[in-house]
There are 2 protein chains.
Amino acid sequence: MNYCSNCGSEQINFDIPHGDNRARYICHQCNAIHYQNPKMVVGCLPVFEDKILICRRAIEPCYGLWNLPAGYLENNETVEEGAARETWEEARANVKIIKLHCIYNLPHINQVYLHFLAHLKNDRIACGSESLEVKLFDVYDIPWKQLAFSSSKFALEKYIEFKESYQGVHMGTYQAD
Amino acid sequence: MNYCSNCGSEQINFDIPHGDNRARYICHQCNAIHYQNPKMVVGCLPVFEDKILICRRAIEPCYGLWNLPAGYLENNETVEEGAARETWEEARANVKIIKLHCIYNLPHINQVYLHFLAHLKNDRIACGSESLEVKLFDVYDIPWKQLAFSSSKFALEKYIEFKESYQGVHMGTYQAD
């Protein structure tokens, strides 16, 4: 943040506001405090019969690698709506949300993933603009070495370990190698 | 947003960027796109023996009304850490997080609440700076008519209905009266 988005001033400091306990961007012209908070990434683990839908990314980062359909939650939508929307946008797949499958923290980049277990309503899938390829994988064919992000790896591992018998939510946090 | 936080320009439009499908704040001077996304509010439903810890708010909105301890997730923390931190800040209570209890969408104000079931390690509680009063309530004494927010009402109702037997996560969305 170089300029105050409220008054346009350059007098921005990263300092602890009165009564707070952590540093924020503060404008010394208009006194606005600019809070920054983590973002939610919502997506699905979409299942059709015994297969899982995974998408190959047509965008950076990790162009060409495989990922469960997911993206930033948008304003004015619920987490369930966002997860279904992302699955439609990336794989043109219609899903029924079954339950929250896992939450995965990425505190070093200020993201929290929420993946929902979802059932595909049929096997009609097609690439959206952010996908090079979309495919229903048998569990034994999952491209583990070509997965884009650890959040998808976590969601897939927990699904394979517990299938749909586990009622709770799997909680995970990114650990640097 | 009145000024671009990147270059300070006033040439900000709320328009759909190329390749996107919803309106964003775009700077026509430096081409920065300023995305805005929902925030996570994390908190606890803290239980000690048969009682639930609830706090009376010393801040607006809803000054003087009762609420489960909760607040915005901060950068560089996990959802579990944030929920425990808020419970310490508001009620000086040490908790052990047991499981994710509920998720409650407030799409009209771009918030998503995550409440964790937590067990108090002891009954030592005290007001933090944002609380007028903190109290362990018997289930039959919960001040339903003086609750600050529907997110706490939802979390408490689901806890009383299912106690700790339910392994899943209760999902809810704010409905206007």
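These questions and answers cover a predicted model of chain A and chain B.

User: What are the ipTM and pTM of the model?
Analyst: The structure is a predicted model. Its two scores carry one value each. They are ipTM 0.95 and pTM 0.95.

User: What is the mean pLDDT of chain A?
Analyst: In chain A, 99% of the residues reach a pLDDT of 70 or more. The mean pLDDT of chain A is 96.

User: How many helices and strands are there in chain A?
Analyst: Along the sequence the pattern reads β-β-β-β-β-β-β-α-β-β-β-α-β. The C-alpha trace of chain A spans about 60 × 30 × 30 Å along its principal axes. The count for chain A is two helices and 11 strands.

User: Which rotation superposes chain A on chain B?
Analyst: The shift along the axis is 0.0 Å, and the RMSD is 0.0 Å. The two copies are therefore related as by a two-fold rotation axis. The rotation is 180°.

User: What share of the contact residues of chain A recur in chain B?
Analyst: Chain A puts 42 residues in contact with 42 residues of chain B. Both copies use the same surface. The recurring share is 100%.

User: What area is buried between chain A and chain B?
Analyst: Carbon and sulfur atoms give 50% of the buried area. The total between chain A and chain B is about 3,500 Å².

User: Which element gives the largest share of the side of chain A that touches chain B?
Analyst: There are 22 residue pairs in polar contact between the chains, both residues at pLDDT 80 or more. On the chain A side, β4 (39-48), α1 (79-91), β8 (95-106), β9 (111-120) and β11 (170-173) each supply at least two residues. The largest share is four residues, and it comes from α1(A).

User: How many nonpolar, polar and charged residues has the side of chain A that touches chain B?
Analyst: This is the side to which β4, α1, β8, β9 and β11 of chain A each supply at least two residues. Sorted by class, it has 18 nonpolar, 16 polar and eight charged residues.

Note on methods: Residues numbered from 1 in each chain as written. Chains lettered and ligands numbered in written order. Predicted model: local features only at pLDDT ≥ 70, side-chain atom pairs only at ≥ 80, totals over all residues. Heavy atoms only, no water. Contact = heavy atoms within 4.5 Å. Buried area = accessible area lost by both parts, 1.4 Å probe. Polar contact = N/O pair within 3.5 Å; in protein donor to acceptor, adjacent residues only side chain to side chain. Nonpolar A, V, L, I, M, F, W, Y, C, P; charged D, E, K, R; others polar. Least-squares fit on C-alpha atoms with pLDDT ≥ 70 in both. pLDDT = per-residue confidence, 0-100.
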